[in-house]
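Hi everyone, thanks for coming. Today I'd like to walk you through one ligand and the place where it sits.

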Amino acid sequence: MQSASTTNTPQHVAIIMDGNGRWAKARGLSRSAGHQKGVETLRQVVRTAGEAGVQYLTLFAFSSENWSRPQEEVGFLMGLLKKFIKRDLAELRSENVRVKIIGGRENLQSDILDLLIEAEENTKQNNGLNLVIAFNYGARDEIARATKRLAADIKSGALLPEDVCEAKISSYLDTSDIPDPDLIIRSSGEQRLSNFLLWQAAYAEFVFVDELWPDFTKDVFHRALSTYCQRDRRFGGVESAKLIATS
Ligand code: IPE
Ligand code: IPE
Ligand code: MG
């Protein structure tokens, strides 16, 4: 059960990394160049999150809808993911980062699937920053996959219909072992969720920044964190200041 509280460093920050294409276009570069630059931002953000004391950092890297992009772009993004895991895994491991991947795993190329599993396996002993990569992720797809498994458990008798509750549903989601995001940031000026963490975002604070993802510097990140600190999270209760005044 959540209660009204004043906000400090968010335990879980989730980021919709958007704007690589527009960043590239503004410079007369290919969209691929934007994605390449975006990976550098991602590395910096992982470092900054760790330094700031964030415990869970979820990054939306590729959505279940992004497969509809031109084949060339999808191919480039797959290549980037593979390179990122191959090159950065050892460093993440040594920096005590624990990697977890959320998203659908059916129909993924076997080499990609193997790398995702390797990233999780290789870092599972770590207890520092939890880096959650949302890959082939769509919240509706996640909820549909969870519902399918829940229905199968009811059919087999492993779960009783009267035992279905919010916590039970959460336990079937990809994020079963991850707390709900406290703060969701989206870059590039867009103000939508694009099918990201729909269930988990119930009481998240949203910060939308105008910077395109390749321009999402450490300062921009810190600004988003301090905006979060000024929010009064009530979770349906009353202002925390009033709670203090009347207690
Ligand atoms: C985000 O940047 C990266 C992914 C969605 C993979 P975009 O590629 O969406 O960039 P814009 O929105 O076209 O500028
Ligand atoms: C959301 O960005 C997905 C990721 C950041 C991976 P999109 O660029 O795909 O979202 P829309 O199409 O603008 O809603
Ligand atoms: Mg976009």
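Predicted model: local features only at pLDDT ≥ 70, side-chain atom pairs only at ≥ 80, totals over all residues.

As for where the lining comes from, α1, α2, β3 (56–63), α3 and β5 (130–137) each give two or more residues. Sorted by class, we have 15 nonpolar, eight polar and seven charged residues in that lining.

So what sits in there? Ligand 1 is found in this largest pocket. In the shell around ligand 1, the elements with two or more residues are α1 (20–26), α2 (31–52) and α3 (71–94). Of these, α1 provides the largest share, with three residues.

Now let's zoom in. There are 13 residues around ligand 1, and the closest are Asp18, Gly21, Arg22, Arg31 and Arg69. By class, the shell splits into three nonpolar, five polar and five charged residues.

Which distances might you want to check on your screens? For Gly21, a backbone N or O atom is 2.9 Å from an oxygen atom of ligand 1. For Arg22, again with a backbone N or O atom, the distance to a ligand oxygen is 2.8 Å. With Arg31 we turn to the side chain: one of its N or O atoms lies 2.9 Å from an oxygen of ligand 1. On its own, ligand 1 has 380 Å² of accessible area, and the protein covers 87% of that.

Methods. Residues numbered from 1 in each chain as written. Chains lettered and ligands numbered in written order. Heavy atoms only, no water. Near = heavy atom within 4 Å. Polar contact = N/O pair within 3.5 Å; in protein donor to acceptor, adjacent residues only side chain to side chain. Areas by Shrake-Rupley, 256 points an atom, 1.4 Å probe, with all protein chains shown as cover. 1 Å grid on protein atoms, 1.4 Å probe; cavity = no way out; pocket = protein on both sides within 12 Å on 5 of 7 lines; lining within 4 Å. Sits in = over half its atoms within 2 Å of the grid points. Helix = DSSP H or I, 4+ residues; strand = E, 2+ residues; numbered from the N terminus. Nonpolar A, V, L, I, M, F, W, Y, C, P; charged D, E, K, R; others polar.
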